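The walk below goes from strands to charges to backbone geometry.

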Amino acid sequence: MADVLIRHDIWRLEQDDPWDDVTLAYALAIREMQSRPADDPTSWEYQAAVHAVPDGVTPDKFRDQCQHNSWFFLPWHRMYLYWFEQMIRSTLAGMTEVDITARDTWALPYWNYDRGEDSRRLPAAFREDKLPDGSVNPLLVAKRADYVNAGEPLPALATSASNSLRVVPFSLPIGPGRPAGFGGFVTRWHHFDELTTTPGALEGTPHNDVHGEVGGSGGFMSAFATAPLDPIFWLHHCNIDRLWEVWRAEGDPNHTNPTESGWTNFSFDFHNANGDAVVHHPAQVVETTQLGYQYDDLTVPTPPRRRAPMTTPPSRELPELAGASDAQVELRGQAQAVTFALAQPAELRRREAGEPPSRVYLNVENIEGERNPGLTYGVYLGTIDEPDDTYHVGNVSFFGIERVSDVTREGGHGLRYAFEITELIDRLQDEGRWDPDRVTVTFAPLRPPSPAPQGREAAEAQPGVTIGRISVFYE
Ligand code: C2O
């Protein structure tokens, strides 16, 4: 058995044949896990419930545990993937029909959707009806956006990690108006039930966006309790886990993990491959080699030309509100522009007095809706008839919206996103297009919504979301 397992890019494995040994072994192991009873911790259903329980299942210390909008997002999902990978490996160990090398060296592959147009298509084996032996393919699920199962590419802006990879530091304390850092705000145990927190940069894009794009309206990947039932979930998260390593591998002193004991020593409960309870702490997973695996490729994706790197963390002062929209905005698949006035807070006056600018943030607040419409909206500065990537601020998508809009849950106040727009404003200023008294923000879906079916289904097919407020903060 290999000392360090290598996690490979699925599109490279599948280069010549969708059924390379690693992918085929994955399909066979999933079929086996799916045959186990739901109360067996090593079953497919139980593993999904570890992320979030479906209605009617009572959470316990092992289930309903996924960490989101939190600095635990990355380490918790790393642990979750690790124990899942162990379960697949031990399932394969008993399967003589599986290629012996694949069995001995099996590691979870990842889906790197940020390597050109073809990489943005769902890997081929996940779209095949049948396995090579003619039996049903467990990697194909119907509950996905149609265009994804048809092999069309996801939008480039939804899959690009370039902007998120330059965000520093890993974490910031929760504060109004400010983005959460690369890995998420400093929080307690956080299964998405705390007020107004925004995701860390990587959790937003590509993570949340890819969930919604793949799941579409009503598909597995679009909601917490069903996402891990789609076998692509694990390859998506494997890529997110890899991007965490890419960020660290850049070697910038600001690209480092938290060292506070509130992060390193926090305890999470899981089951190992034998179904026995285990406890894991972030300190045990900060290096992938502690877990016996490595990635085959940590290349930094080509950065988009339009943004200068932000290399320093923001100050510790709280940002000041400069202005906000005064009415709700409803999004139903169309583009929408919102204009509001900006005041001149002290920070802006300092800037006008010729002092160096610090930071400007755009917030999209109190986003609510019954369920994820499965669309990603690009957010742009300015009124643009044809959204122009040059003025792209970031994306808003809706993974988890069903949890925070549920009024029976404590703290149901919607999703929130925060983006740094300092450099973009500097550029608009240079172009003579920045008006310090008012700002226009445009939301436009990254791909056209699928044609609405007739009647009642239509409303279900295109659920709307509302945005409570759009705001600009200066720091
Ligand atoms: Cu806890 Cu991508 O999800």
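Start with strand β10, residues 392–396. Of its 5 residues, 5 are buried, so the strand is largely enclosed by the rest of the structure. Buried means under 20% relative accessible area, exposed means over 50%, and partly exposed lies in between (1.4 Å probe, protein chains only). Strands are DSSP runs of E with at least two residues; helices are runs of H or I with at least four, and both are numbered from the N terminus.

This is a predicted model: local features need pLDDT of at least 70, side-chain atom pairs count only at pLDDT 80 or more, and totals for chains, interfaces and linings use all residues. Residues are numbered from 1 along each chain as its sequence is written, and side-chain values use heavy atoms, with hydrogens and water left out.

Now turn to charges. Side chains of opposite charge can pair when their charged atoms come close. The structure holds 22 salt bridges. A salt bridge here is a side-chain nitrogen of Lys or Arg within 4 Å of a carboxyl oxygen of Asp or Glu.

One of them joins D269 to K61, with the closest N and O atoms 3.9 Å apart. This pair links distant parts of the chain, 208 residues apart. D269 sits in strand β2 (residues 268–271), while K61 belongs to the loop between α3 (44–51) and α4 (73–93).

D230 and R144 form another salt bridge, and here the closest N and O atoms are 2.8 Å apart. It also links distant parts of the chain, 86 residues apart. D230 is in the loop between α8 (201–215) and α9 (232–249), and R144 is in the loop between α5 (100–105) and α6 (146–149). Are these two partners buried or exposed? Both D230 and R144 are buried.

Helix α9 supplies a local case. R248 and E245 both lie in this helix, 3 residues apart, about one turn. Their side chains meet in a salt bridge at 3.4 Å, N to O. E245 counts as buried because its relative accessibility is 9%. Shared partners join the salt bridges of R7, R78, E85, D241, E245, R248 and E287 into one network.

Among the members, D21 is found in helix α2 (residues 21–34). D21 counts as partly exposed because its relative accessibility is 42%.

Finish with the backbone. Where are the cis peptide bonds? One runs from V168 to P169, with omega near -10°. P169 lies in the loop between α7 (156–159) and α8. Another runs from T205 to P206, with omega near 5°. P206 has its place in helix α8.

Positive phi values deserve a look too. D64 has phi near 70°, positive in a residue other than glycine. D64 lies in the loop between α3 and α4 and is buried, at 9% relative accessible area. N366, also not a glycine, has phi near 45°. N366 lies in strand β8 (residues 360–368) and counts as partly exposed at 28% relative accessibility.
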